[in-house]
Amino acid sequence: MKQETIAIHAGNHTDEFTGAVVQPITLSTTFERMKDGSFREGHIYSRASNPNRASLENVLAKLENGVDAAAFASGNAAGMAVFQSLAPGTHIIAPDDMYHGLRNQLKLLFAGILEFDFIDVDNSEVLNAHIKPNTGLIWVETPSNPLLKITDIKKVVAIARKHKIKVACDNTFASPVCQQPLTLGADIVMHSSTKYFGGHSDLMGGALVTAEDNDWWQRIREIQTMGGAIPSPQDCYMLTRSIKTLPYRIRGHVSNAQALAEFLQQQPAVEQVLYPGLPSHPGHEVAKQQMTGFGGMLSFTLKDGPEAANRVINKLQLFTRATSLGGVESLIEHRATMEGPDTKTPFNLLRISAGLEHIDDLIADMKQGLMR
């Protein structure tokens, strides 16, 4: 089935008792055993499984062309489950501009337990030079946050396979509509489902999708069940509901982001526009090969430095000054001040999550915001 059909049908089933076309929310934390000791649908206790979470995980797996998915209470919880699944002393290679929440997680929570290096993962020479006998995972984030760097997933996977190293890819910026890392050889895909899956800035969640149901995946499943960092039935229901429109929403996000990037590229006050849909982007050709859409995120830098960034962000009317991304409303953020003192993000950079407002209104607002 095509993604539009999967998004609507893979996370829903008609209720067999009432005939309800939309699957109801099951709030019960526990489930009755049959007289023979079995359970009707295999659900025992809601921390382990729930009908709404099972439906959500089914549609997530199918959208990413995976064999199984695990839903978590946040993207950070999903990422942490991957790190927790690794044996102590395992070496991780991660991007030098890795999402700061997961980067800080490694530095603050896993220091002394795991080893890690933050490098330019897309540089084959640098990547090969950092592989150690105990390297067990290469973490990929493409497009990256907030510099929109593109990593050639197939190239990284080819290097990893030679050394029997697993590859995990943060696919949050792209969504499965724009990119499917598992089909390019990655072992696991991670999402902050708070973002495009939720799509309305009103719920939080995370997800992992696997290419194989192997021992590593079962370890992650154990962490999900025993750790209990799971989304509520209500959040699972809302995510599944939102996913039904995901393919159509993503098209709007991509279209608006492309138009904004092209507009900003022509503005005298703008120093550089970072968007993989622009031919000037250094990762444009790789993005064309591994993405079916260039995503709804872009960043740009201003010639007059941080002062200009602060002036522009405060003049805008339709772009809300807020963190996060993937909602129907357009957001703009001064990313460096969000990331903390060790940020690698330029202080004259603004990050945009292109929403679904009419593009003429967004461009008009950006135009007046850039005027001195």
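Visitor: Which residue stands opposite Ile93 in β4?
Guide: Opposite Ile93 stands Ile138 of β4, a strand being a DSSP run of E with at least two residues and a helix a run of H or I with at least four, both numbered from the N terminus. This is a predicted model, in which local features need pLDDT of at least 70 and side-chain atom pairs count only at pLDDT 80 or more, while totals for chains, interfaces and linings use all residues. Residues are numbered from 1 along each chain as its sequence is written, and side-chain values use heavy atoms, with hydrogens and water left out.

Visitor: What makes strand β2 and strand β4 a pair?
Guide: Two strands pair if DSSP finds at least two bridges between them; β2 (residues 91–95) and β4 (residues 135–141) have three bridges, in the parallel sense, and therefore meet that definition.

Visitor: Why are β1 and β3 called edge strands?
Guide: The open sheet has seven strands in the order β1-β7-β6-β5-β4-β2-β3, with mixed pairing. Both β1 (68–72) and β3 (115–119) pair on one side only, and therefore count as its edge strands.

Visitor: Why is the contact of Arg221 and Asp68 called a salt bridge?
Guide: The term asks for a side-chain nitrogen of Lys or Arg within 4 Å of a carboxyl oxygen of Asp or Glu; the N to O distance between Arg221 and Asp68 is 3.1 Å, so the pair qualifies. Arg221 lies in helix α8 and Asp68 in strand β1, 153 residues apart, so that this pair links distant parts of the chain.

Visitor: Why is Lys367 called exposed?
Guide: With a 1.4 Å probe and protein chains only, buried means under 20% relative accessible area, exposed over 50%, and partly exposed in between; Lys367 has 51% and is therefore exposed. Lys367 belongs to helix α14 (residues 359–370).

Visitor: What makes Lys149 partly exposed?
Guide: Its relative accessibility is 35%, so Lys149 counts as partly exposed. Lys149 also forms a salt bridge with Asp96, the closest N and O atoms being 3.5 Å apart.
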